[in-house]
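Please go through the model below with the sequence at hand.

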Amino acid sequence: MSLRARIIISLIVSSFLAILIVTVPLFLGLEKVSDEGTRRELNQFEARVHSEIEGRMQLALTAAQTVASVSDAQRALAEQDRETLDKLFASDFRKLASEAGIAQFQFHTPEATSVFRVHKPEKYGDDLSGFRHSVVAANKTREPVSGLERGRAGIGIRGISPVSHDGAHVGTVEIGLKFNTDLIESLTEGGDSLLEVYLLPDGDISSFSAN
């Protein structure tokens, strides 16, 4: 091979190596920046979702505590007076459901038996202790409880407050806000993020539609 050819090949190889030396770190750096940006966006989105759900949990709990402070409701629950509970709350439930997104509203005994469902008055007397763990916990500790939980009417954002009458614990009241596609769509509106919720079947819970 001539000297001229060797020089040309050396220049080509040197140029190729120089390009690799410059571009590979640049490519890796851009990929790292992209990954960090994506991770940051996901973290921000996750924080937004948690913040929104926690805000609704607090709203549900505040509403339940407000109901628990009504003296007529306290007496009615103590006496398991469904007629009075119906008069106090059922007439306004449709408005509450529309304006505040309330889907479930019910009263329970200290043993976690349903006394009165404002959202479905004809269904009562069923034992919830086997699957409504938040209701059991609120009755056991006599402390307010909030969170996501499944019930006979589906999954909801629950706020549960203990109820007392004449100094005695007489049960709990629960407010459940909707956790549905409208909420999920509102969380992703105006952005590129997508959110999917998977709900595993639970054979221990019989829905109202099955009864």
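In which loop is the place of R142? R142 lies in the loop between α4 (133–141) and β3 (145–151). The model is a predicted one, and in it R142 has a positive phi of about 60° although this residue is not a glycine. The relative accessibility of R142 is 53%, so R142 counts as exposed, the cut-off for that class being over 50%.

A112 is found in the loop between β1 (102–108) and β2 (114–117). Its relative accessible area is 1%. Buried means under 20%, so A112 is buried, whereas R142 is exposed.

Along the sequence, the elements follow the pattern α-α-α-β-β-α-β-β-β-α. The chain has 211 residues, and buried residues make up 34% of them. Of the contacts between residues at least 6 apart in sequence, 55% join residues at least 24 apart.

Next comes a pair of helices. Helix α2 covers residues 71–78 and helix α3 covers residues 82–100; their axes come within 9 Å and cross at roughly 150°. Angles over 145 degrees count as roughly antiparallel, which is why α2 is described as roughly antiparallel to α3. The crossing of the two helices is left-handed. On the α2 side, the contact is made by D72, A73, R75 and A76, and on the α3 side by T84, L85, L88 and F89.

The structure holds three aromatic pairs, and ring pairs link F89, F105 and F107 into a cluster. In the pair formed by F105 and F107, the ring centres are 5.8 Å apart and the planes stand at 35°, so this pair is tilted. The angle falls between the cut-offs of under 30 degrees for stacked and over 60 for edge-to-face. Are F105 and F107 buried or exposed? F105 is buried, with a relative accessible area of 2%, and F107 is buried as well, with a value of 1%.

One further ring contact involves a charge. The charged end of R82 sits over the ring of Y124, at 3.7 Å from the ring centre.

Definitions and conventions: Residues are numbered from 1 along each chain as its sequence is written. This is a predicted model: local features need pLDDT of at least 70, side-chain atom pairs count only at pLDDT 80 or more; totals for chains, interfaces and linings use all residues. Side-chain values use heavy atoms; hydrogens and water are left out. Rings of Phe, Tyr and Trp (its six-membered ring) pair if their centres lie within 6.5 Å; planes under 30 degrees apart count as stacked, over 60 as edge-to-face and the rest as tilted. Buried means under 20% relative accessible area, exposed over 50%, partly exposed in between (1.4 Å probe, protein chains only). A charge sits over a ring if NZ of Lys or CZ of Arg is within 6 Å of the ring centre and within 35 degrees of the ring normal. Axes are lines fitted to C-alpha atoms, for helices over the stretch in contact, and angles run from 0 to 180 degrees between N-to-C directions. Helices (H or I, at least four residues) and strands (E, at least two) are DSSP runs, numbered from the N terminus. Angles under 35 degrees count as roughly parallel, over 145 as roughly antiparallel, 65 to 115 as roughly perpendicular and the rest as oblique. A crossing is left-handed if the near helix is turned anticlockwise from the far one by less than a right angle, and right-handed if clockwise. Contact means heavy atoms within 4.5 Å.
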